Structure formats: structure tokens, C-alpha cells
Amino acid sequence: MTAPRVLAAIDCGTNSIRLLVSEVRADGTLRELTRENTIVRLGQGVDATGRFAPEALERVDAALGTYTDRMVDLGVSDVMMGATSATRDAANREDFFALTRRHLGRIREGAVAEVVSGTEEAQFSFAGAVADLGDLTDETVCVIDLGGGSTEFVVDGDRSWSADMGCVRLTERFLRTVPPTDAEVDAARAYVDELLATVNREVDLRSVTRVVGVAGTMTTLAAIELGLDHYDAAAIHRSRLPLGHLRETARTLLHQTVEERRAHPVMHPGRADVIGGGAVVVDAVATQFLAQGIDEITVSEKDILDGMLSAVVARTATAG
């Protein structure tokens, strides 16, 4: 009897690095073995300097070493590591690729992080986000993947736009005090509104009938709105929440101190200082969709990571 394939995907974004390992069953379905998240803040200072900070690379090195040990223990035979917004911007990105080659080579010879284009990132995010949301045939779905350096808007999987407005980027560029001043919030919102106007021109958000939010800012806001006393991915996944309530939660977080944000039992300590930037994006996006008559958002725990794993499954099946 052939041993099941065990495959992995790693998403290295601006704020966090995440691991997903699954076993491919004989019928082609997946059994999740582990899903992990580590805040590494790879994008620290990149917006200002154009380079990865040495301490940020050290954090990624440590986290990726831990993940590789885990993959070896679980018998992973192939892995895809996607590097997104911050990596596309950094002048010293080769230092980053060298450390990924050192670790990932333990799983598959020659493996190295791959720069995922904005279009690919959007496609992976959409595929992962809607995988188990049921029949969406009669709906025009917009998946919003709000990351550390950028936010991807994907409409029905074939129209997408990546906007340079993520929680880390906005915090470092505009929200320099916590809580931010009115002037800082106004500047951040003006920047987001300008980018959102471009998104509307590129993917026509006015045609959307259902909104799906993914990634850390969205899932954290959902957990707060659900009143969870601990972070429960199963409770968050596929939750359908009033969009107006989520907007109010975002506005409240924006004006809290770091200590007040960390007091929420579902808040990751490494997210508390930058979630204000994400809150500005949520506020702007929610305001537009509410004006269009959309009063609900679905929050998914599945996202680009699940989409990348599907790509690994496909390529290993072809190779086999």
C-alpha cells in the first residue's frame, strides 16, 4: 500500500509566517496535520528603508528553522513557500532567499521561497477562502485579504487588485502614536480612500453581492465581535457577522492603547501595535459596502496558505 503524501505550504507575509501541513488521502481529500502562525514582522522598516532589518531576518530564520523541524518530523515530501509584499519591496531580498534555501532544502533539494506576484497572491487567497463556503454560483464574491504590507481584492477569482495598504505599512507610515492622533487617522484614511478608488476602477466592487474577509486583522476582529474568551479558529471560520458591527469594533480598536488592545483575550501580542492600520482599511471598505446595501461579512480562516497547498498537491500529483 502506497504511503500517503504529506505536503506543506508556508506563507511569509509582512507581519507573520505561517505553516500548513496536510496529508493527501487516497481519495484526494486533505487531512490537516498542523497549522501554525508566528509573528516575525519581516516588513519592519521596509517601507522607510527599502531593506529587511537584520533582526527581522533573524526572526524569520528562527521561525523557519522550527517549521522545518516540524515538517521533517511529519514526513513532508514537498513544500511551497510564498513570499509576498515585503519581499517584493526589499533591496536585500537575496539574504532572505538564502536563508529559505538553507532550511527548505532539508525538505526538497533546491527548494526556496518563491516571490508570489500580486495576481498569484489574489488567486491563491480566493481559492483558499471560498473552498468550503458552499455553492456561490449565484453570488458575486469579493475576497479581501488584509495583510501586513498590502490588501488583495479578488472578485470571483478572475478580477483582482493588490493595494499597498496593510496594517504594518499604514502604522509605520501614518499611525506613529498609539492611540493615533486625529491628524494621523485622517492622513491614513485619505491614503486608503485614494487606493480604494483605484480598486473600484480595476475590479468594480459595485458588482459585489457577498464579502469574505481573511487573514489576521479580519479574524481577530471577528473573534472580538463574537465575544470569544480565547482564539478559536473553528468558531471564527465561516462566521457571518454584521458588517456595521465589525466596522465599529475596528474603530474602537483604532483608538485604544496597545495595552487595551492586548487585554482582548483573542489578540496576538505581536499584532496589538499594528492592528490600528488594519482597522483603518476595514473602516473604509466596510463603509463602501454598507453604502451599497451589503450588511454582512463572512470571515474565513482559510486563505492564501490553503490556496498554495492546493498548488503543491496539483504539482506533486502531476509529477507522480
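Helices here are DSSP runs of H or I with at least four residues, strands are runs of E with at least two, and both are numbered from the N terminus. With that settled, Thr-34 is found in strand β3. What you're looking at is a predicted model, where local features need pLDDT of at least 70, side-chain atom pairs count only at pLDDT 80 or more, and totals for chains, interfaces and linings use all residues. Residues are numbered from 1 along each chain as its sequence is written, and side-chain values use heavy atoms, with hydrogens and water left out.

**Around strand β3**

Let's stay with Thr-34 for a moment. Is Thr-34 buried or exposed? Thr-34 counts as buried because its relative accessibility is 14%, buried being under 20% relative accessible area, exposed over 50% and partly exposed in between (1.4 Å probe, protein chains only). The side chain of Thr-34 makes a polar contact of 2.8 Å with that of Glu-36. A polar contact is a pair of N or O atoms within 3.5 Å; within protein, one must be able to donate a hydrogen and the other to accept it, and residues adjacent in sequence count only if both atoms are side-chain atoms.

**Salt bridges**

Side chains of opposite charge can pair when their charged atoms come close. The rule used here for a salt bridge is a side-chain nitrogen of Lys or Arg within 4 Å of a carboxyl oxygen of Asp or Glu. How many salt bridges does that rule give? The count comes to 20.

Arg-35 turns up in a couple of them. Its side chain meets that of Glu-32 at 2.9 Å, N to O. Arg-35 is partly exposed because its relative accessible area is 29%, and Glu-32 counts as partly exposed because its figure is 41%. Arg-35 also meets Asp-306 in a salt bridge, at 2.7 Å from N to O. That pair ties together distant parts of the chain, with Asp-306 in helix α13 (residues 304-319) and Arg-35 in strand β3 (residues 30-39), 271 residues apart. Asp-306 is buried, since its relative accessible area is 12%.

Another pair worth a look is Arg-108 with Asp-78, whose closest N and O atoms are 2.5 Å apart. Here too distant parts of the chain are linked: Arg-108 is in the loop between α4 (93-104) and β5 (114-115), Asp-78 is in strand β4 (residues 78-83), and 30 residues separate them. Arg-108 is partly exposed because its relative accessible area is 29%, while Asp-78 is buried because its value is 8%. Elsewhere, salt bridges that share partners join Arg-189, Asp-193, Glu-248, Arg-251 and Asp-283 into one network.

**Pockets and cavities**

Rolling a probe the size of a water molecule over the atoms shows where empty space is left. On a 1 Å grid over the protein atoms alone, a cavity is a set of points where a 1.4 Å probe fits but cannot get out, and a pocket is an open set with protein on both sides within 12 Å along at least five of seven lines; lining residues have an atom within 4 Å of a point. Grid points are joined across faces, edges and corners, and a volume is the space filled by probe spheres set on the points.

For the lining classes, Ala, Val, Leu, Ile, Met, Phe, Trp, Tyr, Cys and Pro count as nonpolar, Asp, Glu, Lys and Arg as charged, and the others, Gly among them, as polar.

| Space | Volume | Lining by class |
|---|---|---|
| Largest pocket | about 630 Å³ | seven nonpolar, 17 polar, eleven charged |
| Second largest pocket | about 220 Å³ | five nonpolar, four polar, five charged |
| Second largest cavity | about 40 Å³ | ten nonpolar, no polar, no charged |

The largest pocket is lined by 35 residues, and Ser-16, Arg-18, Asn-37, Gly-216 and Arg-271 lie nearest its centre. Its lining draws at least three residues from each of domain 1 (5-118 + 304-318) and domain 2 (133-299), with bounds that come from an automatic or database domain assignment.

Lining the second largest cavity are residues including Ile-144, Met-218 and Phe-289, and α12 supplies the largest share, four residues.
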